[in-house]
Amino acid sequence: MDLKSRIRDIPDFPKPGILFRDITTLLADSEALRYSVEQLAHACDALQPDYIAGIESRGFMFGTPLAYRLNLGFAPVRKSGKLPSAVHTAEYELEYGSDRLELHQDAFAPGSRVLIVDDLIATGGTAAAAAELVSMTGCEVAGFGFVIELTGLSGRQKLPEVPIVSLVQY
Ligand code: AMP
């Protein structure tokens with residue numbers, strides 16, 4: 001399936017110069033949504049994760065169905081101040097701004113293998129911060145799963161040396 005034809009390009013969003021890759025059109029297409037989750041499942045099962053960590057908020061949209069599909073538990077990596085129990089915190093940079101991410105300290109059984117999922121990797125700052133958080137819980141990053149990779153930004157160079165899956169590249 002040609003997933004790129006299901007992804008909508010929005011120039012100059014959320015600010016001038018950014019070409020936003022909009023996955024709402026992919027999510028609205030039942031075949032494309034199922035295909036994306038199946039493709040991620042196929043590629044990520046071999047990494048033998050015990051949990052999925054999905055990054056707020058579009059990482060939830062692919063991470064949770066992937067966890068369901070692979071029969072794994074899920075934990076949300078959230079923006080600052082959203083999680084109710086004790087958290088680990090990491091700073092991160094976006095293609096358009098900077099912020100903090102948090103993860104519950106007891107999100108995973110210690111020593112587990114955790115697959116980090118987001119819709120898109122750009123500069124890699126967000127996913128790298130999520131990896132730091134997983135390490136703070138005493139767990140191992142099993143790999144990363146993205147629907148979209150913006151290869152020109154070399155985001156994967158910021159990530160630890162574990163397998164990185166992306167379904168489409170721009
Ligand atoms: P980065 O930390 O630079 O890898 O940015 C990744 C995060 O920002 C992901 O959660 C994406 O959803 C979002 N993001 C960054 N750039 C874009 C883009 N061009 N189109 C859509 N989302 C983006």
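Colleague: How many salt bridges does the count come to here?

Modeller: The count comes to 9 salt bridges. Keep in mind that this is a predicted model. Let's take some of the pairs in turn.

Colleague: Start with Asp9 and Arg21. How do their side chains meet?

Modeller: They meet in a salt bridge, at 2.9 Å from N to O. Asp9 sits in strand S1 (residues 8–11) and Arg21 in strand S2 (residues 19–22), so the pair ties together parts 12 residues apart in sequence.

Colleague: Is Arg21 buried or exposed? And what about Asp9?

Modeller: To read burial, look at the relative accessible area: under 20% is buried, over 50% is exposed, and in between is partly exposed. Arg21 has 12%, so Arg21 counts as buried. Asp9 has 39%, so Asp9 is partly exposed.

Colleague: Which residue does Arg78 form a salt bridge with?

Modeller: Arg78 pairs with Glu56, and their closest N and O atoms are 3.0 Å apart. This pair links distant parts of the chain. Arg78 belongs to strand S4, while Glu56 is in the loop between S3 and helix H3 (58–70), 22 residues apart. Glu56 is buried, at 16% relative accessible area. Arg78 is partly exposed, at 22%.

Colleague: And Arg58 with Asp119: how many residues apart are they?

Modeller: They are 61 residues apart, Arg58 in helix H3 and Asp119 in strand S7. Their side chains meet in a salt bridge, 3.0 Å from N to O. Asp119 is buried, with 3% relative accessibility. Arg58 is partly exposed, with 25%.

Colleague: Now the interior. Why look for nonpolar side chains buried together?

Modeller: In soluble globular proteins, such side chains tend to be buried together. In this structure the largest nonpolar core has 26 residues. Val77, Phe108, Ile116, Val134, Phe144 and Leu159 have the most contacts inside that core.

Colleague: Which elements give two or more residues to this core?

Modeller: There are strands and helix on the list: S3, strand S4 (73–79), strand S5 (87–94), strand S6 (97–104), strand S7 (113–121), helix H4 (125–136) and strand S8 (140–149). H4 gives the most, with 7 residues.

Colleague: How do I read the span of helix H4?

Modeller: Compare the distance from first C-alpha to last with the expected value at 1.5 Å a residue. H4 has 12 residues and reaches 17 Å, close to the 16 Å expected.

Colleague: How many residues of H4 are buried?

Modeller: In H4, 9 of the 12 residues are buried, so the helix is largely enclosed by the rest of the structure. The buried ones are Gly125, Thr126, Ala127, Ala128, Ala129, Ala130, Ala131, Leu133 and Val134.

Colleague: Which glycine follows H4, and what is its phi?

Modeller: Gly138 follows H4, and its phi is positive, near 80°.

Colleague: What about Gly63? Where does Gly63 lie?

Modeller: Gly63 lies in helix H3. It is buried, with a relative accessible area of 0%. Not counting residues up to four places away in sequence, Gly63 touches Ile52, Phe74 and Val117. Also check Val37: Gly63 and Val37 are 26 residues apart in sequence, and their C-alpha atoms are 8.5 Å apart in space.

Colleague: Is His104 buried or exposed?

Modeller: His104 is buried, with 18% relative accessible area. This residue is found in strand S6. Leaving aside neighbours within four places in sequence, the contacts of His104 are Leu83, Pro84, Ser85, Ala86, Val87 and Thr137.

Colleague: Last one. Where is the place of Asp45?

Modeller: Asp45 is in the loop between helix H2 (30–44) and strand S3 (51–55). At 47% relative accessibility, Asp45 counts as partly exposed. Asp45 and Val147 are 102 residues apart along the chain, with 15 Å between their C-alpha atoms.

How values were computed. Residues numbered from 1 in each chain as written. Predicted model: local features only at pLDDT ≥ 70, side-chain atom pairs only at ≥ 80, totals over all residues. Heavy atoms only, no water. Helix = DSSP H or I, 4+ residues; strand = E, 2+ residues; numbered from the N terminus. Buried < 20%, exposed > 50% of the residue type's maximum accessible area, 1.4 Å probe, protein only. Core = buried A, V, L, I, M, F, W, Y, C linked by side-chain atoms within 4.5 Å. Salt bridge = Lys/Arg side-chain N within 4 Å of Asp/Glu carboxyl O. Expected span 1.5 Å × (residues − 1). Contact = heavy atoms within 4.5 Å.
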